[in-house]
Amino acid sequence: MCGISAPITLFNFPSYIHSLLFQSLFCIALLCSLLFLFLLFFFFMAPALEAQEAETVAHNNFLSSANDVTLRSKVTVIGSGNWGSVASKLIASNTLRLGSFHDEVRMWVYEETLPSGEKLTDVINRTNENVKYLPGIKLGKNVVADPDLENAVKDSNMLVFVTPHQFMEGICKRLVGKIREDAEAISLVKGMEVKMEGPCMISSLISQQLGINCSVLMGANIANEIAVEKFSEATVGYRDNREVAERWVQLFYTPYFIVTAVQDVEGVELCGTLKNIVAIAAGFVDGLEMGNNTKAAIMRLGLREMKAFSKLLFPSVKDSTFFESCGVADLITTCLGGRNRKVAEAYARNGGKRSFDELEAEMLQGQKLQGVSTASEVYEVLSHRGWLELFPLFSTVHEISSGLLPPSAIVEYSEKLPNSF
């Protein structure tokens, strides 16, 4: 009996076996508890955290979107005539398409009362059409006409000036202190201001009075043709900042309105200004039925004077600028179909007996000529600097327009050409 051991049962395991067994059972129980807690978290807590995370992402996206909106450029067009309305149409189509611009385009309107008794601004906003200066053309639902100049430019950082040049100084004075400090401007205005100290280009007037950079846009741009989306080109002239120029190109460019940029503000602007004088001369030729040969000669001589005058005033003007849309192309189209040519033709047909002011009021329905006033301003510069003999075509256009010479004198000026010209 002494050699036979008792059978091993759960109750007579050695003590160390009991300890291991209880430790194992404890670990299993702990793992089960953790598994239960995990399942509880998965089914009840995870959806709440996912919702919170989604809310955070949405909030961040909202803030990002708000910042994007803040960074978007806001555009105001200052002017609402024929060309101003077309410019608004071009711009509005791009602000809707491009995320870097606010959709809305403000267009400042010089308020007028129409024959119906309605305000022009109200009619534009109701019909989406400038019924006086661009009838039959929809401007875009995002164009908002505003008769309050200060309100129209409020918060805008891209200002497009497109009014008759004789009104620009008064407009700039009204805007002093009313625009954003970081605003950029572009002038579509053709003309210059003549002051005691000399001629002042409209882009310079804007920069000096408002303290902002100003580019220019000029080209072979008869507004009514662009309004119906016929193919056309234009040139942006800029000073130093190529990125700003590209932003203006982006704002105006469409498949039917091709825009390029050149670093020559004065050259581009003077082309757009001086070609109106040549267009007056071309109109005289048409009114006197002198034929295409004479008209071609006038255009060639006019281009020569444009280039010579520009380089005398600003030696930095580039020869290549005259071969851009703002140069020879704009000269051709203006001498063939612009309003200056049209009214000058009527002036010549009437033998100079009806004034340009009378013909302008009758033929242009509120639009303004630029060529006659520009010829007067250029004549003042030429006279003051002793350059009259260097620019016989420019001088003769002014003398005919002011009644000092008959329209037929347009082909007699060549006798005055100096040998050195």
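The largest nonpolar core holds 50 residues, and the members that touch the most others are Phe284, Phe309, Phe394 and Ile410. Several elements give two or more residues to this core: strand β8 (214-218), then the helices α9 (265-287), α10 (292-313), α11 (325-337), α12 (339-349), α13 (356-363), α14 (371-385) and α15 (392-401). Helix α9 supplies the largest share, at 13 residues. Keep in mind that this is a predicted model.

There's also another core, lying apart from that one, with 45 residues that include Leu98, Leu120, Phe252 and Tyr256.

**Around Phe284**

What does Phe284 touch, once its neighbours within four places in sequence are left aside? Its contacts are Ala344, Tyr347, Ala348, Phe356, Val397, Ile400, Ser401, Pro407 and Ile410. Two of those names come up again in the ring pairs: Phe284, Tyr347 and Phe356 are linked into a cluster. Tyr347 and Phe356 make a stacked pair, with 4.3 Å from centre to centre and 15 degrees between the planes. The planes count as stacked because that angle is under the 30 degrees cut-off. Both partners are tucked away: Tyr347 is buried at 3% relative accessible area, and Phe356 is buried too, at 6%. The count of aromatic pairs in the model comes to seven.

Rings also meet charge here. The charged end of Arg247 sits over the ring of Phe101, 4.8 Å from the ring centre.

**Helix α3 and what follows it**

Now for a helix with a clear inner side. In α3 (residues 120-127), the buried residues are Leu120, Thr121, Val123 and Ile124. They lie on the same side of α3 because they cover an arc of only 165 degrees around the axis.

Just after α3 comes Asn128, with a positive phi of about 60 degrees. Asn128 is found in the loop between α3 and β3. Glu289 is the other case to look at: its phi is positive as well, at about 55 degrees, although it isn't a glycine. Glu289 has its place in the loop between α9 and α10.

| Residue | Relative accessible area | State |
|---|---|---|
| Ser80 | 8% | buried |
| Asn128 | 8% | buried |
| Glu289 | 62% | exposed |

So Asn128 is buried because its 8% is under the 20% cut-off, whereas Glu289 counts as exposed because 62% is over 50%.

Which residues surround Ser80, apart from its neighbours within four places in sequence? Ser80 is in contact with Ser85, Met107, Trp108, Val109, Tyr110, Asn130 and Tyr133.

Conventions:
Residues are numbered from 1 along each chain as its sequence is written. This is a predicted model: local features need pLDDT of at least 70, side-chain atom pairs count only at pLDDT 80 or more; totals for chains, interfaces and linings use all residues. Side-chain values use heavy atoms; hydrogens and water are left out. A nonpolar core is a set of buried Ala, Val, Leu, Ile, Met, Phe, Trp, Tyr and Cys residues joined through side-chain atoms within 4.5 Å. Buried means under 20% relative accessible area, exposed over 50%, partly exposed in between (1.4 Å probe, protein chains only). Helices (H or I, at least four residues) and strands (E, at least two) are DSSP runs, numbered from the N terminus. Contact means heavy atoms within 4.5 Å. The arc is that of the directions from the helix axis to the C-beta atoms. Rings of Phe, Tyr and Trp (its six-membered ring) pair if their centres lie within 6.5 Å; planes under 30 degrees apart count as stacked, over 60 as edge-to-face and the rest as tilted. A charge sits over a ring if NZ of Lys or CZ of Arg is within 6 Å of the ring centre and within 35 degrees of the ring normal.
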